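Here is a short briefing to read alongside the model. Have the viewer open and follow along.

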Amino acid sequence: MRVLLAAAIALAAPMAAPAPAQDVPRTYLDSTGKADAWSGGVRMVPIRTPKGDFSVWTKRVGNNPKRAILLLHGGPGATHDYFEAFDSFLPREGLEYIYYDQLGSGRSDKPTDTDLWTIDRFVDEVEQVRVALGLTKDNFCVLGHSWGGILAIEYALKYPANLKCMVVSNMMASIPAYNAYAQKTLMPAMDQTLLAEVKAIEARGDTANPRYMQILGPMHYERHFLRRPAAEWPEPVNRAFGQLNTQLYTLMQGPSELGASGRLVNWDRFEDLARIKTPTLVIGARYDTMDPAHMAAMAKKLPNGQFALMPEGSHMAMYDDQQRYFAALTAFLKARE
């Protein structure tokens, strides 16, 4: 990585362990009057689309009328499962959060009409989920990770009056800038012989070939996606990406995390960040597939933005820089009370 903003570098110092949480109110575990009480917090939310009606899966954890965080997973086409690390941190802080599989993912319906896979339709889906779950500007926060960060930014631009706060985790505000970072910073640091083989496989349209991920696994994913040997990756991560909707993912993102080449290729909202007044935490990581300097600049562009750098983290910083990640996240969310 060539450049880090001074503020980001300062955050690279070891972060103190989070202070012990205060006793969580008994009401956090009280589901009285909740429509999902009988199902353990699970609700199938009906979604209307131009291509028909479907259902998406949600699961509420906890009860906090001041703040509920809707978790927007990555991909597109992954699942909520990799967010399960949150179970070890947010309940003890009394923070309500909601798992959610977007349409086409996980436990939600999986239509095959590719006309459904657009940013605008996904944003409309999030709004329908908000309304169905009874969330309002007084308590509604979104946390978008990776592709979910794109969704969060787009939602904040279209429905600013509905949001209390937002977290953009490990996502740049420009796909062209993301691609430039991969080409100018990440790729030159790779084994050039292996990189040439990867590019040849992509040029042939042969990315289903096992050799493609056999190369990218140790060369890219274990360095910039989750900094552990793949054999040591957490089970929720493997479960989430083992269910990846590859049709949806490839159509919108492209064949891998080494840049984007699908429908998202021209997406760029960096200049529009100035219009988002919602209090926002941007989380970046030193070894991410995303440029941490760009993410620090995002926080400056946002009128009410904050930036937190995970100095040991990568794209899945909620695992490989876990204590710092959740210390920054919980401090931001609790301040919103």
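**The disulfide**

The torsion about the S-S bond of Cys 141 and Cys 165 is about 110°, so this disulfide (a pair of cysteine sulfur atoms within 2.5 Å) is right-handed. The model is predicted: local features need pLDDT of at least 70, side-chain atom pairs count only at pLDDT 80 or more, and totals for chains, interfaces and linings use all residues. Residues are numbered from 1 along each chain as its sequence is written, and side-chain values use heavy atoms, with hydrogens and water left out.

- The count comes to one disulfide, by that cut-off, and its S to S distance between Cys 141 and Cys 165 is 2.1 Å.
- This pair links distant parts of the chain, 24 residues apart: Cys 141 belongs to strand 5 (residues 140–145) and Cys 165 to strand 6 (residues 165–169). Strands (E, at least two residues) and helices (H or I, at least four) are DSSP runs, numbered from the N terminus.
- Cys 141 is buried, with a relative accessible area of 1%; buried means under 20%, exposed over 50% and partly exposed in between (1.4 Å probe, protein chains only).
- Cys 165 is also buried, at 0% relative accessibility.

- Leu 281 lies in strand 7 and is buried, at 2% relative accessibility.
- The C-alpha atoms of Leu 281 and Ser 169 are separated by 8.0 Å, although these residues are 112 apart along the chain.
- Arg 286 sits in the loop between strand 7 (280–285) and helix 9 (292–301), and is partly exposed at 38% relative accessibility.
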